[in-house]
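Here is a short briefing on one structure. It covers a strand, a helix, the ligand shell and the domain contact.

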Amino acid sequence: MLILVTGGAGFIGSHVADALLAGGHSVVVVDDLSTGRRENVPEAATFAPIDIRNASALRELFDAHAFDAVCHQAAQTSVSVSTREPIRDAEINVMGALNLLELCREKSVGRFVFASTGGAIYGEVPEGTMADEATVPSPISPYACSKLAFEGYLKAYRHEHGLDSTILRYANVYGPRQDPHGEAGVVAIFSQRLSAGEPIQINAMREPGDDGCIRDYVYVGDVVKANVRALQGELTAKVLNVGTGTTITTRALATTIESALGVSSEIRDGARRAGDLERSVLRPNDELLPEVDLAKGIAETVAWFRDRG
Ligand SMILES: NC(=O)c1ccc[n+]([C@@H]2O[C@H](COP(=O)([O-])OP(=O)(O)OC[C@H]3O[C@@H](n4cnc5c(N)ncnc54)[C@H](O)[C@@H]3O)[C@@H](O)[C@H]2O)c1
């Protein structure tokens, strides 16, 4: 298949592009390099440096390539940026994504896979429970709102135009290549800072000094498998959580990464960040049970950060 991977210069998208190429598919990457890096794009992929808000540039691309499927990873990905710049967030995550959908409809592209967020759209997940796909979404950040809005468009395009789509709701994804300089991606931030002997900060769940927020961390390899299977039409469900069903606090995560690296560093206590949920955990979809547990995934991730220097 010829597959368009948007956001293919980013963390998850570049791993998906690698896996698709390894599986014998052809890949075109669209990315505006706003957070992604050119060197993440696999050599065997065709790279188109396009902002998805630019409908005419996308049209030229779709005129030049008869895509069989689109894997849509490009996004404004930061919850805190979305609280400061909700309009820009929606312009990219809703309007930019709609540019792609319109072209898929017009060119009769067979399949669309969307990177949504289980980590944000369900809102607070009460202690003792896990969010599954039947849980009613309750977004509290503009980022979660824009992701949920686009899920709605996908359902409308399926109904109106027969566009086949799969919505993958990721938990907190971590692994090699994640940007350690952004505002999100705590595993990458801790791995990079701890490898460099720098202090780390635990942002509070409620008050500075607590153990921080509770999260479900899923390894990028499991997320990649979910995308590849969805693109190959191997999944039955149309909306699937991609998580592990297990939780860890930010402080326990810090300790896990310290042990994996064999270091210990100064830990500072930060305030709660706007838009952060206290607790988020996903019940993994039966079709997508995770294969990599946190210990193995952290070992792979810290090895990558350590080798990078
Ligand atoms: N990392 C996570 O924990 C997580 C969790 C849930 C959902 N997601 C979703 O997964 C997808 C991939 O996230 P990631 O962690 O790899 O982030 P990332 O920032 O590494 O990748 C996003 C890519 O999109 C590109 N991009 C941003 N705006 C663009 C635009 N207007 N036009 C073209 N390209 C643009 C960036 O340059 C970047 O390469 C995103 O849709 C994100 O919302 C990620």
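Strand 5 (111-117) is largely enclosed by the rest of the structure, because seven of its seven residues are buried. Buried means that 20 or more other C-beta atoms, placed from the backbone, lie within 10 Å of the residue's own. The model is predicted: local features need pLDDT of at least 70, side-chain atom pairs count only at pLDDT 80 or more, and totals for chains, interfaces and linings use all residues. Residues are numbered from 1 along each chain as its sequence is written.

- Strand 4 pairs with strand 5 in the parallel sense, over four bridges; pairing requires at least two DSSP bridges.
- Strand 6 (residues 164-170) also runs parallel to strand 5, joined by seven bridges.
- Phe-114 is the bridge partner of His-72 and stands opposite Ile-167 in strand 6.

**Helix 1**

- Helices (H or I, at least four residues) and strands (E, at least two) are DSSP runs, numbered from the N terminus.
- Helix 1 has 12 residues and spans 17 Å from first C-alpha to last, close to the expected 16 Å (1.5 Å times one less than the number of residues).
- Nine of the 12 residues of helix 1 are buried, among them Phe-11, His-15 and Leu-20.
- Cover for these buried residues includes strand 1 (2-6), strand 2 (26-30), strand 5 and helix 8 (220-231).
- Just after helix 1, Gly-24 takes a positive phi of about 95°.

**Ligand shell**

- Of the 30 residues around the ligand, Gly-7, Gly-10, Phe-11, Gly-36 and Ala-75 come nearest (a residue is near if its C-beta atom, placed from the backbone, lies within 6 Å).
- Helix 1 gives the most to this shell, with three residues.
- The shell has 12 nonpolar, 13 polar and five charged residues. Ala, Val, Leu, Ile, Met, Phe, Trp, Tyr, Cys and Pro count as nonpolar, Asp, Glu, Lys and Arg as charged, and the others, Gly among them, as polar.

**Domains**

- The domain assignment, automatic or from a database, gives domain 1 (2-173 + 217-242) and domain 2 (176-216 + 245-308).
- Their contact takes 38 residues from domain 1 and 30 residues from domain 2, with C-beta atoms, placed from the backbone, within 7 Å.
- Helix 3 gives the most to the domain 1 side, with four residues.

Methods: Contact = placed C-beta atoms within 7 Å.
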